[in-house]
Amino acid sequence: MSELQMLPRWLDAGAAALAGAAPPAPTLDGALPGLARAQSLTPLQRLRHVQESGLAECGGAGEPIHIAWRRFLRGRGPSVLVIDATGFDARGRGAAAILENAPWRIAEGVVIAAGLRDSLKIELRLPAELTGREAPFLNAVDAIRSLAQVAVPRRQLEVRRDCRPSCWAEGRLPDSSRLVHTPETWCRIALLFAGVPDLDAALLTLRRGMKQRGLVELRRRENLRIQIDGWGGGVEVQGPNAVLVFDDGLGGFLPLSATDLSCEPLSLASAGIVPSPSTLMGMAEGVCVVKQTRRALYRHWQLADAEEAPVRALLARAARLVAEITLGRGEAAHLDALDGVAEDLATQGLAAAWPLGSSLRYYRDQWERHARRESCPEGLCLERSAAPCHRACPANIDIPSFLAYLGAGDHRATIEVIRRDNPLPLTCGLVCPAPCESACVRGGNDGAVFIRPMKARAAELCLAEGGYPKPALAPDTGKRVGIVGAGPASLSAAYYLRTFGHDVEVFEAQEHAGGMLRYGIPAYRMPPDLLEQEIDQIRVLGVKIRTGAAVESLEAFRTGYDAVFLGLGTQRARLIQIEGVEQPFVLGGIDFLRAVRSGERVRVGPRVVVIGGGNVSIDVALTALRQGAKQVDMVALEKRREMPASPHETELAVAEGVVLHPGWGPVRIDEDGEVVFQYCERVKDQTGKFDPKFDAGRLLKLEADQVILATGQGTDLAILEGSGVENNRGFVVADPRTKMTSVPGVFAGGDGQHGPRTAVEAIGSGKIAAASIDAWLRGVTPDAAAGKPVRRAEVDPLPVLAGDRSHKRRAVMPEKSVEETVGEGNYVRIEEGLTEAMAHDEARRCLRCDICIGCGLCMAACSEMGVEALRMADTPASRLAYFDFLRPGELCIGCGACTQVCPTGAIRLEDGNGVRRTIITGTVVREQPLLECADCGAPTQTPAHREFVRRRLPDYMAAHLDRELCPSCARGRTDRPAVGGIDFARVS
Amino acid sequence: MSTYVLRHDELNCIACQACEVHCKANKNLGPGPAPCKIVSFGPVDVVGRPRLRITFMPCFHCEEPWCAKACPTGAMHVREKDGIVSVESSLCIGCKSCMGACPWGTPQWDPATRKVVKCDYCMDRLDAGLQPACVTKCVTGCLSFGVASELPDPRRERYARLILAEPPAGA
C-alpha cells in the first residue's frame, strides 16, 4: 500500500531530482510552462484567469485566491510575496511534501505573481518542524536563475525560521503590501497557468484514528463522507459518532454522522470547522471533546502571542471559561458566555472560532454535562488529579508532601508520610529506579527533582536518632496472617497488616530476610546492615520474621492462619534454551548474585560474558568484576537506548570497565568457551510485541571462562502443590485489584505473582494485598482507593526565592571514584548520599504539582486583564507548569484575579505591614506597597492596580477617585453623583 | 441613568434593614456583601429635635458607570434596554477593579463565589414582572420603584401637600 498513491501526478518524487537542483526540462519555458503562459497575460488578465478558475487557498480559511490578488493589485509601493509553510498541526505532511517534491512549481507560482506588481521581496516562512526542508526550493530558485541567466538577482529571497501560524482565520486588516499563500497554493497557481485540469483540491494528512495514514487529496467538489470512506476504508475507530478532529483540534471537531456535506470551503465553514483542513484525525466516540477544545483554545491563545491586548483577552477568556468548566467550576451561564465568545471570535475572524464553535454545536450535551458538573465521557475532567510523580510511583508515595516536610527539616514527618505508602524508605532511597523522576514535570526543563535519595536521607536521619516514628496500630483483631517469603512484597504486606491490628508471621527460607533486596542486589548498592536496620523497624511493631524456615506445603501451612500471603519471589534463573547452555561454566545471573550475597566464595573469570540488558545484568557484570573477573563483556539484545537497564546504571558499568555489546542475540556456547552471537535488527515488532529479527550472517564471537545468563527469572511453585492455587506461565495467578488467588483467603503479590519487576512495584502490590486481606478478614469490600494515589498530608509550600526556584539545577549525586569502588571483594557503597545542603536545595526545586495542578486559569485571567504577568510553560506531562517565577516581578499589578480563579489556592496574595505579596506555591514572585483608606486606614489596593483602573477611566471620572477610600467608607459618605451630599434639613 | 428609579423616603424609614436582608436573601448571599445598604448616623439636631439620619445606598446605575469602564473583562456592563448596570458572573475574574473605581463603594465582594456582586434592581424579578426584593419587603413602604418618568417622588408630593395645607404667612 503506497501512501502516495492517491496523490496527483505533479507531486511525484521524480519532479524534484537532485533536491530541486536539476530542472525538469532543459529550457526555461519547458521547465516553467505556466510562467510562459502567464507572461503573455497582463496582470489584470492573470487576475481574471485566476478568478475564473475559482482556485481557493489550500489550508486555513480557504478563501478564493482572486480576492487576495485583487487586494494585492490595488496596493501601491513595495510589496512582498510570502510562502507560508506554517500550519496548525506540526504533524501535517503536506507542506513538507510540496517543499520536497514540487519546489519548481512553488518557485514558478511565485514568479508568476511577481509580475503582478513587480514585487522585489520573497519571504519563505518556515515552522520549526520544517527546518532544513527548504533546501530543494532554494536549489530550484538558483537553478531558475541560472537557466534565465540572471547574474545579479533583483528579487531578494528571505527565509524566516521558527515561524508560527497566525491565530487569524482571515487577516485582521487586509494588508495590500503582502501576498501570502501556502506552498501548495503557489504550486496550484503555477499548475493553473500551465493548463493542468482538476486543481480544485487540497492535500490532507490522515493521522491516527484513520485506517490509512499519510497524504491524500481532498477533492473540494466531492462529498466528505464518501471521500473518507474511500481513503483505505475510512475511520479506524468504531461508532457512528466517531469524532473527526481537524488540524490537531485547532481546526474544529465534527461527528462522523455530520460529514454528509461537500468539501467546498464555504460548505465546511458553514459546518463550523476550518474551511480548508490540512490534517484529519479520528477519535473514538467516548473522547472528551471539551478537554480537546480546551487544549485547542489554549494553543490558539499561545499563537496570539504578539497580538494586541483585546485579541489576547478574548482568546484568554475562551480558554478560561472552558478550563473552568472542565474543572467543575462551571455554571449554565458559562455556556451562554461561551456562545457569546464563539460569536465574537467568528466575527473578529479568529481561527479559534472553529474548535469552540464546532464543539459547542455538535457536542452540546457533553458541554452541558460538564457545566452541570455531572460527568465527563473520559472521567478525567471534574476531578483533581494527583501530582505526576505521585501517580507514577508504583507504591503511590505522596512525594510532594514528603519533600516539603524534608525541606522544612522535619524528617520524622517525612518518614511518616512515606511509610503511609511504602514501609521501606531507606531501601527505595538506595535502589529504586525512580519512575517518579521520569514523570517529574521539571524533567523537561532543567532536570527532574532528585526524589530517590531524599527518602534515604530522611530515613538515615531517623535511624540515627534510634528509629522511625512508630505508626499507630489498630487494636488487636485476633486474626492471624501467615506470610511466605520475606522480600519487599511480603515485608510491605506484613507492615500494613500489623498496622491494621492483625497478628503477622513471616516465614523465610533463606538465612536473612529481605528477599531479592538481600540476595539479588549487590552490596555496593544495598549494604546488608542498612537493610537489616530497616527490617528491624518492621520487627519492632511485633511482626515475627522467622528466617531459615522454609514452608513446604501451602495446604499444611494454611490451616494455622486466617489468611495467607504468598510473596514467593523469583529466585530461579531462567536460562534461555541455546546450544551449550547446560555446560558447567554457564551460570544463571540470579544464582550467581545469590551465591555471592550468601557469602559463598565464588570465583569467576578472568574472562566473563554476561548476557542480558536489564538492571540485573548490570549488577551481575559489576559483581563479576568484584569476584575476580578481569574482562567483562555484557551483551544485550536491545540497542543501547532500548535496553531495559536504567541509563545511569549502564553508564556506571561502562565507567567501571564493562564492555557493552548492544544489539546481539546469543546463538550457542561452545565447549571451549567461545560464545557466538548474531546481530539483532529489531527486538519488537511495530505493535510493541517481542519478536526479534536476526541477521544470521553477522556474527560476534567472544571468548569466556564463565558465561552468566541474566535473561529471566522464574518462581519455585512447589509449595502450591495440592492447594488449588492456579498458576500461569510459572507465576501465581491473582486478581490484580485484590491480589486474591483462586483459593479464598490465599493472596499473592510481588515478583512471584506479577513477574520480575522492581522492588517498589513489589512493595505496592504488598500494600494492596494487605488492604484486601484486611477487608477479607473483616468481611467488608476492599477500599477502592487502595493502589491509587492518595494525598497523605497538606503541607504548606516551602518559601523559596523566585530566582532559586527558576534556576536551581538538579543535584549531582556524590559518588566514590571508580578507583575506590572497583577491585576484588570491594563492595563499598558507591553512592555517598545527598549532603544536607543538596537535600535542602533539592526539596526547594519541587514545583508542588499537588497544589498547582497546571490548569492555567491564573495565566488566562491575567491575560484577560491585559497584564500578562504570568507565563506557564507546556510540559510533557500534558499540564502547564511555572518555571519562570521572575516575570511577575516586573509586571504583576497585585489585583489578585489569578488568586480568585485558582481552584486550589496554589497562587495567593498575602497582605501585611503595608505590603502585598503575590505568592506562587511558596515563592514570592512580587512584593509591592499597599495603599490605605484615607478614612479608616484599611488596606485597599496597590498603586499599580490603582493606576490600572485610572488609566481605563476618562480624566473627569478618574478625578473622583483622588482620595483613596475603601469601598465601605466610600459608601458611608452617602454622596450622590453630581449632587455631592444631601442637605437633610431641606428634605424633612 | 437607568430608566428606573428606586426612591427612598427617609421620613417613613425606621432603619429596620429589612431591605438589606431580603436583597441578600434574593441573591443568596452570606454575611459580607450587601448590594444595598442602610447608612444611618446621628441622632443629630434637626430643628431642635434629635433625629436619626438614614440614607438608602443601592447602586445608582450611572449613565456612564465607573465600574463598567474599569472592568477589563466586560463582566460589568450596562443592559441596553433599560440601563441597568450588572455583573455577568461567568465573565468576572475577581480583579476588584470595579470596587476600586466606584466612588460610592457599590460593587460588593462575595467571598463565597470569589466574584463581585452588586445591585441590579433584581433584574430577574423585574423581567418576571415583579418589583425588586428590597421594595417588595420594605416594612414601612418607604421604598418605591418604577420607571423614572412615571413615578412621583413621595417627598415632593408631601412638600406640595404641606404648602397647600399651611400656606406661608402673608399669602
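Housekeeping. The model is predicted: local features need pLDDT of at least 70, side-chain atom pairs count only at pLDDT 80 or more, and totals for chains, interfaces and linings use all residues. Residues are numbered from 1 along each chain as its sequence is written, chains are lettered from A and ligands numbered from 1 in the order written, and side-chain values use heavy atoms, without hydrogens and water.

Aromatics. Rings of Phe, Tyr and Trp (its six-membered ring) pair if their centres lie within 6.5 Å; planes under 30 degrees apart are stacked, over 60 edge-to-face, the rest tilted. Over all chains, the structure holds 15 such pairs. Take Trp664(A) and Tyr679(A): edge-to-face, 5.3 Å centre to centre, 75° between the planes. Trp664(A) is buried at 13% relative accessible area. Tyr679(A) is buried too, at 18%. Buried means under 20%, exposed over 50%, partly exposed in between (1.4 Å probe, protein chains only).

Now chain B. Phe60(B) and Trp104(B) pair edge-to-face, at 5.5 Å and 75°. Back in chain A, Phe507(A), Phe557(A) and Tyr561(A) form one aromatic cluster.

Next, Gln627(A). Buried or exposed? Buried, at 11% relative accessibility. Beyond its neighbours within four places in sequence, its contacts (heavy atoms within 4.5 Å) include Phe592(A), Arg603(A) and Tyr827(A).

Last, charges over rings: NZ of Lys or CZ of Arg within 6 Å of the ring centre and within 35 degrees of the ring normal. Arg117(A) lies over the face of Phe72(A), 4.7 Å from the ring centre. Arg810(A) lies over Phe450(A), at 4.0 Å.
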